[in-house]
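Biologist: Hey, I've never looked at this one before. Could you walk me through it?

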Amino acid sequence: MSSRSGSSAPTRFSGIRLGSIAGFEISLDYSWFIIFFLILATFIGAVFPASAPGLERMEYLAMGLVGTFLFFASLLVHELAHSFMARWKGVDVEGITLFIFGGMARTSREPDTPGDEFLIAGVGPVASFVLAILFYGVAVVGGYFGLGLAVTVVAEYLGFLNLVLAIFNLFPGFPLDGGRLLRATIWRITGSLRRATKIAATAGRALGWGIIGLGVFSLLVGGGLIGGLWLVFIGWFLTYAARMSYQQVLLHQMLSPLTARQAMSPDPERVPPDLPLENLVHDYFLRRPYNSFPVTEDDVVVGLVTLSQVKLLPRERWRDRIVADIMSPLSETVIVDPETTMMSVLERMREGETRRVLVATEWELLGIISATDITRWLDRVGLIE
Ligand SMILES: [Zn+2]
């Protein structure tokens, strides 16, 4: 499977950086190793011995390694095709990640027009079709010129896999490429990206459930444990990705016109760094509905203190400790300019793994934004189900 996702994708990738191709950073998610060894083992143990019987063990090993490498190279070509088209259409690509379900080109935002979306989504399956033709071509020509069975069998199988990849990605469920083509079409007809995404994502969830059903059926009738489980996983991932992608689009639409100044709780109460923790608890946390307070000294922000930081310390030590002992220092506090868009604020929250952001100009603390504020606000506008 391969799909694309916005920068604030649901999945946060942790993995290995491989390098970059034409400025696109390529990385491997740790989950990729599972699929790598699964495919390698299937190639060496089942696929190639069945389609090219009678070869040496070492030959199957070599075929497996080359085949697996070329398979992932094919996935990369598919994602690179998306990436080049996206760049051409002015959509930044942050990088390409190979993970357990395939590849993913992480784009910074949605395309500007349905036409751009159509091209960016469509070029991936086209690339896979072209690869399929090339590999089948090598198999046919190689057979004709008497190249070894090892070469033609690997080429033929890669042709088949690229064909499957192209066809599977054309299924009309968002966020698969086919789902994006569907979305672009509905977007063009209705003029509403939001409605188009909703319909395409619903199709994505339906497709996901269909695949899960197929997997369960295959498990029940004994059509192979790994294959059945695999379908269930892919289906589950698709329903999840469809739902998250839709929420992402909604979130983006709602947050993009909003600035930090508009979303913040203004003029937050502040505490001095030399305040004893006992006073902090009794005079602030117990009396106010807030879980964090900016720490200021002579009106200058020096840090942020949160309830969870206080809770880390046993109660009997609250008397002899002060705020400065436990607060997050300025270097670990996320501070944004009041005109920052809320999309970037969310981004900063995710990067800094913090739930609070201070809003300040160079000389004045203006407000505070907490994750709870955002959640409550999104809840009100009906985004969270
Ligand atoms: Zn694709």
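Predicted model: local features only at pLDDT ≥ 70, side-chain atom pairs only at ≥ 80, totals over all residues.

Biologist: OK, which residue stands opposite V305 in β8?

Modeller: That's F293.

Biologist: And how many residues sit between the strands in the hairpin of β7 and β8?

Modeller: Two residues. In that hairpin D298 takes a positive phi, near 50°.

Biologist: How many of the seven residues of β8 are buried?

Modeller: Five of the seven, so strand β8 (residues 300–306) counts as mostly covered, with buried meaning under 20% relative accessible area. β8 also pairs with strand β9 (residues 328–329), in the antiparallel sense over two bridges. There, L304 stands opposite S328 in β9.

Biologist: Switching topic: what coordinates the zinc ion?

Modeller: H78 and H82 each use NE2, and D177 gives two OD donors, at 2.0 to 2.6 Å. Along the sequence, the donor residues are spaced H-x3-H-x94-D.

Biologist: Why is the arrangement around the zinc ion irregular?

Modeller: Because the angles that the four donor atoms subtend run from 55 to 151°. To count as tetrahedral, all angles for four donors would have to lie between 85 and 135 degrees.

Biologist: And is D177 buried or exposed?

Modeller: D177 is buried, with a relative accessible area of 0%. H82 is buried as well. The side chains of D177 and H82 are also joined by a polar contact of 3.2 Å.

Biologist: Which other residues of α5 are buried?

Modeller: Besides D177, the buried residues of α5 are G178, G179, R180, L181, R183, A184, I186 and W187.

Biologist: What span should the 14 residues of α5 have?

Modeller: At 1.5 Å a residue they should span 20 Å, and the end C-alpha atoms of α5 are 20 Å apart, which agrees. After α5 comes G191, with a positive phi near 80°.

Biologist: Now α3. How many residues does it have?

Modeller: Helix α3 (residues 114–144) has 31 residues. From its first C-alpha to its last, α3 reaches 45 Å, close to the 45 Å expected at 1.5 Å a residue.

Biologist: Where does α3 bend?

Modeller: At V123, by about 25°. A proline, P125, follows within four residues.

Biologist: And what follows α3?

Modeller: G146 does, and its phi is positive, near 75°.

Biologist: Last topic, the open sheet. In what order do its four strands come?

Modeller: The order is β6-β12-β11-β10, and the pairing is mixed. Its edge strands are β6 (265–266) and β10 (335–336), each pairing on one side only.

Biologist: In which sense do β10 and β11 pair?

Modeller: β10 and strand β11 (residues 356–360) pair in the parallel sense, over two bridges.

Notes
Residues numbered from 1 in each chain as written. Heavy atoms only, no water. Donors = N, O, S within 2.8 Å, 3.2 Å for Na, K, Ca; no water. Tetrahedral: all angles 85-135°; square planar, octahedral: opposite > 155°, others 65-115°. Buried < 20%, exposed > 50% of the residue type's maximum accessible area, 1.4 Å probe, protein only. Polar contact = N/O pair within 3.5 Å; in protein donor to acceptor, adjacent residues only side chain to side chain. Pairing = 2+ DSSP bridges. Expected span 1.5 Å × (residues − 1). Bend = angle between axes of the 7 residues up to and from the residue.
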